[in-house]
Amino acid sequence: MPWQPQEPKPATPPAARPSSAGVLKVTLVEGKELLAVDKGGTSDPFAVLQLLDQYDNPHGKPQKSKPIKKTLAPQWKQSFQFPLPATVVGFKLRVVVQDQDRGLFGAKPATNLGTAYLSMAMLAPGTVQDNWFKLERVGDMQLSLIHISEPTRLRRISYAVFCLK
C-alpha cells in the first residue's frame with residue numbers, strides 16, 4: 001500500500017481542571033480569655049484550621065498555627081490559605097484551639113480549649129471581614145478572612161480575621 005498523508009489529529013483538549021471559586025485566606029490574629037489548663041494558670045495555645053464541606057467532611061488538609069507559650073491571650077498573627085471548590089454552598093471553616101502538652105517523655109495529646117465555626121455564606125468575595133468569634137468553651141478569637149475569587153489575581157480579595165478572646 002503506498003504511503004498516504006494522514007490527516008492531522010485534532011488537538012487533545014487540555015485535561016479538565018476542576019473549577020475553583022478561588023482561595024480563602026485566613027489570618028489568625030489573637031485570642032483572649034482562653035481556658036487555663038496548665039500549672040500556673042496559663043495554657044500553650046495553638047489553633048488547627050480546617051475547611052469543611054456541607055456534610056462536615058474535611059476539604060483539603062488541616063493547617064496548624066504555632067503554639068504560644070504560657071498565655072491566655074496569644075498573639076498569633078499567622079496567615080493560612082485554603083483552595084476553594086467551584087461552589088462553597090454549605091462550606092464552613094472550623095477553628096479548634098488546643099493546648100500544647102509536653103510530658104516528661106515528649107508530646108501528649110493536646111487539650112481542647114474551644115472550637116469556632118465560620119460559615120462561608122457570610123463571606124462575600126472581595127470583602128474583608130475582621131471579627132471576634134466566641135469559642136464553644138471559654139474565650140474568643142479574632143480572625144481576618146479574605147475570599148480571593150480568582151487565585152491568579154490577588155486584587156480581588158475577600159478577607160476575614162479571627163481573633164480569640
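The legends below describe close-up views of a predicted model.

**View 1. Strand E5 and its two pairing partners.** Strand E5 covers residues 92-99, and six of its eight residues are buried, so the strand is largely enclosed by the rest of the structure. Strand E2 (residues 45-52) pairs with E5 in the antiparallel sense through eight bridges. E5 is also joined by eight bridges to strand E8 (residues 111-119), and these two strands run antiparallel.

**View 2. Bridge partners along E5.** Arg-94 in E5 is the bridge partner of Gln-50. Val-96 stands opposite Thr-115, a residue of E8.

View 3. Gln-50 lies in strand E2. Its relative accessible area is 5%, which is under the 20% cut-off, so Gln-50 counts as buried. The side chain of Gln-50 reaches the backbone oxygen of His-59 at 3.5 Å. Beyond its neighbours within four places in sequence, Gln-50 contacts a run of residues including Pro-58, His-59, Gly-60, Lys-61 and Pro-62. Phe-82, Lys-92, Leu-93 and Arg-94 are also among the contacts of Gln-50.

**View 4. Confidence across the model.** Mean pLDDT for the protein is 79, with 73% of residues at 70 or more. Confidence is highest in strand E3 (residues 63-64), at a mean of 97, and lowest in strand E12 (residues 159-164), at 45.

**View 5. Two segments with pLDDT under 50.** Over residues 12-17, pLDDT stays under 50, and the model has zero contacts beyond four places in sequence for this segment. Residues 151-165 also stay under 50, but here the model has 98 contacts beyond four places in sequence.

How values were computed. Residues numbered from 1 in each chain as written. Predicted model: local features only at pLDDT ≥ 70, side-chain atom pairs only at ≥ 80, totals over all residues. Heavy atoms only, no water. Buried < 20%, exposed > 50% of the residue type's maximum accessible area, 1.4 Å probe, protein only. Helix = DSSP H or I, 4+ residues; strand = E, 2+ residues; numbered from the N terminus. Pairing = 2+ DSSP bridges. pLDDT = per-residue confidence, 0-100. Contact = heavy atoms within 4.5 Å. Polar contact = N/O pair within 3.5 Å; in protein donor to acceptor, adjacent residues only side chain to side chain.
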